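This note sets out points for a colleague reading the structure shown here. Please keep the sequence and the coordinates at hand while going through them.

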Amino acid sequence: MLNAMVALSIIVIVVGVYFSVRKKINSVKVNNISNLLHRLRPETLRELILLLLILLVVIFFSIVIDHYLNARLFNRVSTSVAIIGILAIGQALVVLTRNIDLSVGAVVGFTAYFVGQQLSQNNEMTPLVAICMAIGIGALMGSFNGFLVAFCRIPAIIVTLGTMALFRTLLVEYSDAQTVLTVNLPQWLLELPRINVVSYEGLHFRLVVAVMCVVVILFHLILRYTSFGRKIYAVGSNPEAAANSGFQSRKIIFITFVMCGALAGLTGFMYLARFGNITVVAGSGLELKSVAAVVVGGINIFGGSGSIFGATLGAVMIDLLENSLIRWLQISEFWRDAMLGMLILCSVATDSVVMKRFRKYRLKKITQKEEKL
Amino acid sequence: MQIDNLNIKTPSSNNIIDNDFRSSKPPVLEALNISKSFDMTQALDGVSLEMRPGEIHALVGENGAGKSTLIKILTGIQQANQGELRLSGLPVKINNSQEAQAYGIAAIYQEPMLFPDLDVAENIFISHQDQGFFVRWDKMYKDAEKILNDLGVRIDVRNPAIGLTIAEQQAVEIAKAISMNVRVLIMDEPTASLSDHEVNQLFRTVMQLKQEKNVAILFISHRLEEVFEIADRITVLRDGKHISTNLCSAVTKDGLVREMVGREIDQFYAKDETRTVGISVFSVKNLSKESTFSNINFELHKGEILGFAGLVGSRRTDVALAIFGISPADSGSIEIEGKLVEINSPQTAKKLGIAYMTEDRRQLGLVMSMSITSNITLASLSKYLIRFGIIKREKERKTANEFKNRLQIKTTSVEEEVGILSGGNQQKVMISKWLNTQPKIIILDEPTRGIDVGAKAEVHSMMRQLAEKGFSIICISSDLPEVLALSDRILVMREGRQMGIVESQHATQESIMSLAMGQSKESNYA
Amino acid sequence: MSIILKKLKSWEGFLVLILICTILVNSFNSEAFLTLNNQINVFELSVEKIIIALFMVFIILNAEIDLSVASMMGLSACALGVLVESGIPMIPALGLCLMIGALGGAFNGFWIAVFKLPSLVVTLAMLIGFRGLARVLVEDRSISVFPSWFEALGQQPFLGPFPLSLIIFLGCTVFVVFVLQYTAFGRYVYVIGNNQKVALYAGINVVRVQMYLFTAIGVISALAGILFAARLGAVRGDMGVSFELDIITIVLLGGISIFGGKGSIYGVILSILIVLYLRNGMSLMNVTGHIQTGVIGALLILSVLIPNLQKMIYDYSRQRRKRL
C-alpha cells in the first residue's frame, strides 16, 4: 500500500513538473537578458529572486555556522517545511481572493487532536480513513468560515479572528484538557515522518515531503488549468468586474475557504504524525507563519496575483531561517519572531515599491516599442 | 487629427450607396420613446433611436444631453421610466448587464474594466459561461491572437492586462465583445484618451466590425471630424430630447453644432453689464503636467469670473487640482499677488486663500452621513476652536444658520444629515463650506450640475455678488449659456491644451463650442 | 419621549438591553457580584485591555486596524523588566518604556500613513515582530525585580478604594470621550474613516492625523504593559497573547463599524461593561478561560453578523415592496 502511494506520488510529481515547465518553455523566446526580463512577468521574476535569496541564505549560514551544509539540514528543513508548506497553500487560496484566514492554526490543532484521539482509541483504523477524517473535519470548519465571509458578508479578518478563538475553545472542550500521548498512537503513524521515498547517501527525500510536493503540484495545476482556478484570481484582481461579469464570486470564495480548511486538516494529520503529543495549544502560531509564507512568497495581499510555487518558496524561506537561526550560536534563537515580522514588512514594502517601478518600466518599454512602429 | 492618413477601404463617397442598401435591413436594437428622470432632472424625454446591423450610428450632444443615460438603459444598468426597447423587432426588458450581454449588447467606455493581473487572452475569455472545466491555454492564446489580429491590433496576449494603455485596453474590450458574438456595440467616447495613431487603429477595427461582422455600432464622441469620417448616420440629442437623425452625408459640421447647442438665449441667462475688474491677483504661467495638461497660461483679476469651458476630457479639473495642491503640476509657475508660490498640498492652498469645490459632491465633496453644520465647517474648523481643540458648537450652528438663510438651503434644521437633502441643497452646502474658508480665489467645478433651475439661479446670483465683493472666481462648467452669462472671460481647453481665452462679450455659444472641439483657433491673450 | 424611543431602537439601546440582562443573570448566579470589591476587581483584572480598547476606537473609526497592540504591551512590559534589572531607576525606566511605545507606534504609522501599506499586514507583521523583540529581551525567563511600591500601585487602593489603574482607566475614558465628541481632531478621525478623499479635498492633513493615532496607541499599549507588569509583579515573554481578540470585540460590539466613520464611544463604554461582566459572570460560574475566549470569539462574529442580517432583511423587504 505504501509503495503504491510512493510510486503514485513520484509519477504525479514528474507529470506536474513537466506540464508546468512546458508552458514556460514554449512561450519564452529568449534572446538576451533584457529580453528575458522584459518577457518575464513580474511575479515570476519575484519568485526567481526569492529562490536566489534562499540560496544566498544557505550560503550565508554555511559560512557562519560550522557543519551547516549537510544532509541533516536538508532532512530537517524539508520535513518541517512539509507542514507549513501545505498550510501556506491553503492560505494562498484565500488570500488570492482578497481575504485572510487566521483560524488555520486552530484548525490544525483541532484536527490533529481529534484524529490522534480516534487513533488512540482505535488502533486498527487505516491510514486512508485517518487522513480523510482529518481533511473532512478541516473542510467542515473551513465551510463555517466560508459561509460567514461569503454569504453573510462579514469581513474575513473578523470572522477568522473569531473562529480562531472558537475553534481553539472547541479543542479545549473536546479534549477535556487531556493530551494525546505518543504511546497510544499506532506505530505506522509514528513511523510516517521517517519513511523515505528515496535516499541518497544520507539525503532522505521523505514521504511527507513528497506528499507536500503532490499537493503543491495539484493546486498549482488547479489554479492554472481550471476555470475555477482562474476565477479565483479574477475575484481577487477586480471584485467589481468579477461581479459584473456574472461570476458567482460568493460561491468561489466559499469554496476557497473550504479548501483552506481541508488543507489545514491535512496539515493537522501531518502535525500529529510528526509530534505525537498533542496538547490544547497545538498549532498556535501557525496561522501567522502561513500568512508570512504567503506574503514573503509574493502573493499580493489584495489578491489577484502570485502563485502556489511562490507561497511554497515563501514557506521554505521562513522555515529555513528558523531552523538555521537555532543553530547560529552568535544570535539568540529568540530573534526568530522579530525577524519574521521584519521579513513580512520588508516583503510587502518592497513589493509595493519595486513592483510599481518594475511595471512602470515595462510600460515605458512597451510604449517605446510602439512609438517605433 | 489629420483625416488624410486614415487608410480605410471605403472612402466616404461610397457611403451613400451602401447606406441605401443598408437602410433596408431591419434594425437590430430599437429604443422607442424612452424617458428617464432622476430626482429633479429629466435626463431623457421621449427619445427614440434605432441601430441597424453593419451601420455606424453616431450620437452627439453636449454634456448633459442625455447620452450616458441612454447608454445605461441600453446596457441594462438603468431602466427607463417610460418607453420600450426592442431587439430584432421583439420587445425586451433588459434588467441588468448580464442580460444585455446575453442579448449581444456590449459597451466600451472611456475607462475599461479589465482584470489587471490576468493575461490579455484570459480577460477576453473569462466571462464566457460555456467554458469547460479545464483551461486550454494554447487554444485560448491562439483564439485571442486570432481575434486581435483580425482586428489589426498587435498586443501580446500573454502579458497581464495591467501593462496596457487605454487604447489597448479598449481593443481588448472589443475583442471580448467579439468573442461573445456581439450584435450591438456601444462605444462611449472611445477616442477621448487616444493619440492620433491609436485612433486610426481603433477606426480600422471598427470598420472591420461593421463590414465583416455586421455589428451595429453606436458611436458617441465629441470630435465631430471623427464622427464625419466614420459614421453612417448621426443623431443629435439636446437637453434629453431627440433633435434629429440624419445621414452623415446630409449634414454639415456647423449645422450639427447649431443643433447641439441651439436654444433661445434665455433672459434667465442674460448677460451682465460689464463688471469692473481689478488688478491681477493670480497668475499661472506655462503650467504643465505630464500626460495631463500642458502650457496653461492665464491671469485672474480681482472681482473677475473666469470661465473654463471645454468638453469632457479637456482636463480642466486636472488644472484645478494642480492649483489646489492635490496633484501638483510638474512645471510652470503660479503667482499670487505678484509673489511666486509653491502649492504642494491642499493645506498650503487653503492658507494662500485658494478654495476648490469639487464636481463630485457625493464622493469627494461632502460627508453624506454627517450633519450640514459639520460639513459646512469642515474646511475651516480652526475658526471654531477654543483651547484644547474643542469645537464651539453654538458658533458652528450660528455660521450654518447664516449660510442656510443666505443661500436659502431648504432644510428643517442645520443638524440634519446632508445625505437626505436634494442635489441643489447639497450643492449649496458645499458652496457654503468653501465660502467659509474666506478665500480670495474660488475655483468652482461644475457648480450647478444636477440641480434644478431655481437653485441654479440662486447659485448664479451668489457668484455675481461674490465677484462684486472682490472675490476672484474660476468657474469650470460644461453649461455653455451659464459660462457665457457669468464669465468676464472664458478660457477654452481641449484635451489638456489651452485653445484660447475670449472675452465673453464677443463670444457666442457656437464660437466657444468650435474652440472646444478644435475647429478654430483663437489667439491666447491673457 | 420619542427621542428616548429612537435611542432605544439604536444599537446602543440594544447594548443596554444586553447589559441589563448580563447584570441580572450575574447577580442571580452569585450574590458577590454586586459588591464593590467584586466590581473593582472586575475592572482591575482587565484594565489593560480596556484602556487599549478605548484608543483602538480611534484606529477603527479611521478605517484602519492595529493588531500589534498586545505585542507592544508585552514588549514594553518586558523592556521595563530588563531595564529595572540592569539597574536603571524606576521613573526613567517607565519613561523609556513609554518612549518605546511611541517609537513602535510611529513605526507602524510611518508604513501605514506615509508609505500607504495596508494596516492589516503592517500590524500583523509587527504583532510578530514586537513579540519577537520581547522574547529577545526576556528570553525564557521571568523577571520580577520590581520595587514593592510599584507592585503595590497595581493592586492596592490609591484613591479611596480604587487602585491607580482604575483611576487611569477612568481618566482615559474621559479623555477619549472628550476628544472624540468635542474636538476637531475627533471629527477629523470620523471624516477620514468615512471617506478619506473628502478629508483630503477639504484640506485635512490625513498623514498627520494617522501618525498621531498610531503613535498614541503605541504609547497607550506601552502604558498598558506597565500596568500589566505592576499587576502581575513579573514579566514574561508571552504576556498578553490574544488580547487583541477581546480588544477588537469590545470595539466592534460597541457599534463602531469595521469600515470606519461610524459609531459612538458611548456604545463602546457599554460594550466594555458587557464584555467584562460576561467574563466575570463566566468566571463566577467556573467556566474556564478557554471557553470564555470562545464566547468572546462568537460575540465578535455576532456583533457584525447581526447588523448585516438586519441590513439584508431590510434591503430584501424594500426590493419586494418595489416589485409590488
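1. The structure is a predicted model, in which local features need pLDDT of at least 70 and side-chain atom pairs count only at pLDDT 80 or more, whereas totals for chains, interfaces and linings use all residues. Residues are numbered from 1 along each chain as its sequence is written, and chains are lettered from A and ligands numbered from 1 in the order in which they are written.

2. Chain C contains 15 helices and 4 strands (DSSP runs numbered from the N terminus, helices being H or I of at least four residues and strands E of at least two). The radius of gyration of chain C is 21 Å, close to the 20 Å that the globule rule gives for 324 residues, so chain C is as compact as a globular protein of that length (the radius is taken over C-alpha atoms, and the rule is 2.2 Å times the number of residues to the power 0.38). The C-alpha trace of chain C spans about 75 × 55 × 35 Å along its principal axes.

3. Of the 324 residues in chain C, 52% are buried (20 or more other C-beta atoms within 10 Å of the residue's own; exposed means 12 or fewer, partly exposed in between, with C-beta atoms placed from the backbone). Among contacts in chain C with a separation of 6 or more, 79% are between residues 24 or more positions apart (a contact requires C-beta atoms, placed from the backbone, within 7 Å).

4. Helix α10 (residues 184-194) of chain C has 9 of its 11 residues buried, so it is largely enclosed by the rest of the structure. Those buried residues include Gly186(C), Tyr188(C) and Asn194(C). Their cover includes α13 (372-377) of chain B, together with α4 (47-61), α9 (164-182), α11 (196-201) and α12 (206-232) of chain C.

5. The contact between chains C and A takes 34 residues from chain C and 37 residues from chain A. On the side of chain C, the elements giving two or more residues are α7 (119-138), α13 (243-253) and α15 (289-323), and α7(C) supplies the largest share, 13 residues. That side divides into 24 nonpolar, 7 polar and 3 charged residues (nonpolar: Ala, Val, Leu, Ile, Met, Phe, Trp, Tyr, Cys and Pro; charged: Asp, Glu, Lys and Arg; polar: the others, Gly among them).

6. The axes of helix α5 (residues 69-85) of chain C and α13(C) come within 8 Å and cross at roughly 130° (axes are lines fitted to C-alpha atoms, for helices over the stretch in contact, with angles from 0 to 180 degrees between N-to-C directions). That angle makes α5(C) oblique to α13(C) (under 35 degrees is roughly parallel, over 145 roughly antiparallel, 65 to 115 roughly perpendicular, and the rest oblique). Val69(C), Ala70(C) and Met73(C) of α5(C) meet Phe243(C), Glu244(C) and Ile247(C) of α13(C).

7. In chain B, strand β11 (residues 280-289) and strand β14 (residues 331-336) run antiparallel, joined by 5 bridges (strands pair if DSSP finds at least two bridges between them). Val284(B) has Ile334(B) as its bridge partner in β14(B). An open sheet of 4 strands in chain B has the order β2-β1-β4-β5, with antiparallel pairing.

Note on methods
Two residues are in contact if their C-beta atoms, placed from the backbone, lie within 7 Å.
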